Amino acid sequence: MSRSVMRRVVVPVIAALILVTVAAGVLGVGLVRRSFPQVSGELALPGLTADVEVIRDDQGVTHIYADTPEDLFSAQGFAAAQDRFFQMDLRRHVTAGRLAELVGEPGLETDKVIRTMGWRRVAEAELPRLDPQTRRYLAAYTAGVNAYLEQNPSPSQVSLEYVVLGQSAPDYRIEPWTDADSVAWLKAMAWDLRGNYSDELGRARLVGEVSRQQLGALYPEFPVDQHAPILSEDEWEPPPVEPASEDRGGVDGPDADPDQGVGTYAPVEDREGSGPPVDADLAASYDSTLGALAAVPNLLGEGAGIGSNSWVVSGEHTETGLPLLANDPHLGIQQPGVWMQTGLHCREVSESCPFDVTGFTFAGFPGVIIGHNNDIAWGFTNLDPDVTDFYLEEVNADGQVRRGSAWEPVEQRSEVIKVAGEDDVRITVRETRHGPILSDVIDGVAQAGQTAPINGVETLTSYDVSMAWTGLEETRTADAVFLLNAATDWESFQEAARLFAVPSQNLLYADTDGNIGYQAPGLVPVREPSTNGAPPGFFPAQGWLSAYDWKGWVPFSEMPSVYNPADGVIVTANQAVAEGSRPFLTSEPDMGYRSQRILDLLTEKMAQGPLTVEDMHDIQADSYNAFADDLIGALLEVEVPSSDFYREPQQMLTEWDRTAPADGEQSAAAMYYYAVWANILDLTFDDELPSDLSADGNSRWMLVVDQLLDRPADDWWDDRRTAGVVETRDEILRQAMINARLDLTQRIGKNPQDWQWGSLHNVPLRHEVLGGDGIPDLVRWAFNDGPYPASGSSAMVNAFNWEASTGSFRVTSGPSMRMVVDLSDLDASTWVNQAGNSGHAFHPNYNDQVQAWLEGGSYPWPHSREAVEETAVHTLTLTP
């Protein structure tokens, strides 16, 4: 959950939390252990056709064995509720726009936005579209969750959080789980991985505030001459333009005129037309829309560091002669973590019971999201396509929206939001053909955009802002999960990927026959450029012009893909997929520092000998900063004040190996470098950018500064806060080193050798609701962990990201898990979770994987029945 939302949630309950009775309750051993799951013996699970075994190892990882898929997923729902039901309940309240029912008035703003977008409504509409088999699996999972709730009717039996929150919401009752609760979670996953919406609105706000040249410098193109895309020209060539006529999971394309080329690509080229109308009032409308969107909790994480690493190498490069596949998604840091580890095993794998799969899953959704089965392994990284567009909407006094020279109705519906301890709140949701009008969500926004000029001519029209997002389409992504779990080869893997509509991902593949591959799935809108040669979706569009409507979806057959590339290596780390603009995927890929480093390390290691699982671990833990070479060269050329006080830390950079360990000899130089980096960004950019658009220091900013180093007199170097002085590059670099020296002296100490990176770059494992700074110490101690010193940094392979604009080096996102799959011996694979598999505070598996995760370590990943039994600690038998 985002920090701002977390603060709003916790403030009203602080007074209740400090009550002595609550403190005593939290510390009571009996109450703490009351919600711990039964993990041995027998329990009844109505609806089963036969006994089901739930085997847990020392890390609390469940391996479930059943005779039918329905029994398997029913047991998965039961076990997930045992370990993580509060997290499931929180997620469904958020995705349904019902957070205020759980936490009171602080959840109201979030609920307004999500009700406006209608996540739950879309999930309910998707259910009838799903394959009947998928419906059975979802129903079985739901039955398992509800069987657990029926056996534990008191919230205090389910999770300790309910005891604490019950002080401010004493009448709260847990509702039964539903199939739509599971499907709605896919909307949250898609939302957090949706692409460039903040950049699109941010660019519109900056038009007129900075020069066009300055604005262009902030959004450089992917540097294909420095960093390799995922696929080379030899591996994949864009197909010829054809209509989008293939089935993409039952999604109907938006209305469009036939002569506008439905399903065709529009090349990025100069074309006549106006840019977005921008004045103070319209900028306020953009601000309001961004403010509304900021109210939505980011359940997977937030910030520019959200992304992933994944790579696969064929057997020609490995010690065993079969592929190795590695994956570590970079998501938010929270307690409990995003993922659960699990195994789902049909005792006899057959056409009627095809599952024998282990990997990482979400509490609240059946199946495995990332992992392997007996035949194939797969990993995900975010493709990060541009799947959101914003439209200026001209709405008249009669509630009609302009469409060309005509007017059409704006759809409206009423939503009632229940608020714990308060009166119900009723809102009116408005939608155009593009999507929900998000600028309605904040009070008073209806007046924003008054008299905004179009083509320089003042009008008397008020513009609202609507949003088109692929996550609001009715799709069959839920079908894709089960097809992926049961896939046995490249063809069945691709058939599963075809239905994986949102969020769009880079899927890596390997199988036990030695094949490797890459497939980009998902709904990617076909657009025309929005203005004057800018990429499609670069700026908000004029909603009354049909040319800016989505024209359909890029056909799956024309999405990038490769099977068994000649060099036997595929690396995906959110970089550009390929050169060129067809099909148009995104204007904001990661700039490739991580991906190129992974590729370089693989090349180096392959030159030394065949690759092993341990080599994959080494790469995942790498924290080398290749960008630092260029910046340090410029820093060392600048003269700082002549005293040793300033020269000593500058000279430390000459011996720095460019890594970022939490402690040790190289850690002091890393701490100084990143403090200098934060000051460069502040002095160069944050004097002109709004605070919410300030430079966070991730890969885009590295490339921006790298290019500015060659333009020492560029306007961006001037710090507008120094009246009467125009700075150039060297003055800014000098001042950044001076400021960093003073800052670290104050924060840590005068001796530079004491500046350990991990002293400020640390990981707090905060509870999603009970982790705020205002929470009483006793409760924070109970539910939170850390902060822990952390190695790594932003845009590194070991991506423990931090945001330079905050003034803090604290980690905001990082590897949510790590896995390495050995296709020659699946039991030789390894995995590690962010914190632990349990969601119960004080449980041994609540935080038992933290140290291994921080240190780049891992655990054996048993898959075969023999390996699972060797690591078994507890066995629970679920009986009909």
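1. How much accessible surface does the protein chain have, and what percentage of it belongs to carbon and sulfur atoms? The accessible surface amounts to about 30300 Å², and carbon and sulfur atoms account for 47% of it.

2. The mean pLDDT of the protein chain is 87, with 83% of the residues reaching 70 or more.

3. Two stretches call for caution. Over residues 23-27 the pLDDT stays under 50, and the model gives this segment eight contacts beyond four places in sequence. Residues 443-460 also have a pLDDT below 50; the model shows 39 contacts for this stretch beyond near neighbours in sequence. Where pLDDT is low, predicted coordinates should not be read in detail.

4. As to overall architecture, the protein chain contains 28 helices and 28 strands. Of its 880 residues, 65% are buried. When contacts between residues at least 6 apart in sequence are considered, 75% of them join residues at least 24 apart.

5. Helix α21 (residues 644-652) and helix α24 (residues 729-747) have axes that come within 10 Å and cross at roughly 100°. An angle from 65 to 115 degrees counts as roughly perpendicular, and α21 and α24 are therefore roughly perpendicular to each other.

6. The residues that form this contact can be listed. From α21, Phe645, Tyr646, Pro649 and Gln650 meet Met737, Ile738, Arg741, Leu742 and Thr745 of α24. By class, the contact of α21 with α24 comprises six nonpolar, two polar and one charged residues.

Technical notes. Residues are numbered from 1 along each chain as its sequence is written. This is a predicted model: local features need pLDDT of at least 70, side-chain atom pairs count only at pLDDT 80 or more; totals for chains, interfaces and linings use all residues. Side-chain values use heavy atoms; hydrogens and water are left out. Axes are lines fitted to C-alpha atoms, for helices over the stretch in contact, and angles run from 0 to 180 degrees between N-to-C directions. Helices (H or I, at least four residues) and strands (E, at least two) are DSSP runs, numbered from the N terminus. Angles under 35 degrees count as roughly parallel, over 145 as roughly antiparallel, 65 to 115 as roughly perpendicular and the rest as oblique. Contact means heavy atoms within 4.5 Å. Ala, Val, Leu, Ile, Met, Phe, Trp, Tyr, Cys and Pro count as nonpolar, Asp, Glu, Lys and Arg as charged, and the others, Gly among them, as polar. pLDDT is the predictor's confidence in each residue, from 0 to 100. Buried means under 20% relative accessible area, exposed over 50%, partly exposed in between (1.4 Å probe, protein chains only). Accessible areas come from the Shrake-Rupley method with a 1.4 Å probe; for residues, only the protein chains shown count as cover.
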